[in-house]
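Hi everyone, thanks for making the time.

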Amino acid sequence: MDSIPFGLTDWAGVEPTRHEGETGHALWRTRSFGPAENPLRVRMVEYSPGYRADHWCSKGHVLLCLEGRLETELEDGRTFTLTPGVSYQVADGAEPHRSWTEVGAKLFIVD
């Protein structure tokens, strides 16, 4: 992380954008920090019950589950469950992954 001064984010004041999944949707509240050529993206994401990603993702992330339950599948077939207080991290291009939730989930994501 570089060129990011101290600051606070009131996530309730960040306008959400809707992203459709294969099923369900995600609401992203997104802030970007640091230099324009390599910003750090920080998001509060709420997945609707029944959400299923419509693609394999190769982007690196650090995810922390705040509410609900999120299932994440790696392209090699392994699956992992995130519940409140559980996080995962993966590097750019390391292991393609996709997620789904039956009950909905709220995550804090940095990438």
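This is a predicted model: local features need pLDDT of at least 70, side-chain atom pairs count only at pLDDT 80 or more; totals for chains, interfaces and linings use all residues.

I'll go through the cysteines, then a threonine, then the aromatic rings and the charged side chains.

Let's start with the cysteines. How many disulfides are there? The count is 0. A pair would have to be within 2.5 Å to count as a disulfide. As for where they sit, cysteine 57 is buried, at 17% relative accessibility, and cysteine 65 is buried too, with a relative accessible area of 1%.

Next, a residue I'd like you to find: threonine 101. You'll see it in the loop between β8, residues 97-100, and β9, residues 105-110. Is threonine 101 buried or exposed? Buried, with a relative accessible area of 2%. Now look at what its side chain does. A polar atom there lies 2.6 Å from the backbone oxygen of arginine 69, and on the valine 103 side, the backbone nitrogen is 3.3 Å from a polar atom of the threonine 101 side chain. Leaving aside residues up to four places away in sequence, threonine 101 also touches several others, among them Tyr47, Gly50, Tyr51 and Leu70.

On to the rings. The structure has 2 aromatic pairs. One brings together tryptophan 11 and phenylalanine 108: the ring centres are 6.1 Å apart and the planes are at 80 degrees, so we call it edge-to-face. Tryptophan 11 comes from the segment before β1 and phenylalanine 108 from strand β9, so this pair ties together parts of the chain 97 residues apart in sequence. Tryptophan 11 is buried, at 16%, while phenylalanine 108 is partly exposed, at 28%.

Then there's tyrosine 47 with tyrosine 51, a tilted pair, 4.5 Å centre to centre with 40 degrees between the planes. Tyrosine 47 is buried at 14% relative accessibility, and tyrosine 51 is buried at 9%. Remember that both of them are in contact with threonine 101.

Arginines get involved with rings as well. Arginine 43 lies over the face of tryptophan 28, 4.2 Å from the ring centre. Arginine 52 does this with tryptophan 100, at 4.9 Å.

Last topic: salt bridges. How many does a search of the whole structure find? It finds 8. I'll show you a few. Aspartate 111 meets arginine 41 at 2.7 Å, N to O. Here aspartate 111 is in the segment after β9 and arginine 41 is in strand β3, 70 residues apart. Aspartate 111 is buried, at 11%, whereas arginine 41 is partly exposed, at 24%. Those two also belong to a salt-bridge network with Arg43, and that's the arginine over tryptophan 28.

Another bridge joins aspartate 92 and lysine 59, at 3.9 Å. Aspartate 92 is in the loop between β7 and β8 and lysine 59 in the loop between β3 and β4, so parts 33 residues apart in sequence are tied together. Aspartate 92 is exposed, at 57%, and lysine 59 partly exposed, at 35%.

And one more: aspartate 76 pairs with arginine 78, with the closest N and O atoms 2.9 Å apart. Thanks, and I'm happy to take questions.

Conventions. Residues are numbered from 1 along each chain as its sequence is written. Side-chain values use heavy atoms; hydrogens and water are left out. Buried means under 20% relative accessible area, exposed over 50%, partly exposed in between (1.4 Å probe, protein chains only). Helices (H or I, at least four residues) and strands (E, at least two) are DSSP runs, numbered from the N terminus. A polar contact is a pair of N or O atoms within 3.5 Å; within protein, one must be able to donate a hydrogen and the other to accept it, and residues adjacent in sequence count only if both atoms are side-chain atoms. Contact means heavy atoms within 4.5 Å. Rings of Phe, Tyr and Trp (its six-membered ring) pair if their centres lie within 6.5 Å; planes under 30 degrees apart count as stacked, over 60 as edge-to-face and the rest as tilted. A charge sits over a ring if NZ of Lys or CZ of Arg is within 6 Å of the ring centre and within 35 degrees of the ring normal. A salt bridge is a side-chain nitrogen of Lys or Arg within 4 Å of a carboxyl oxygen of Asp or Glu.
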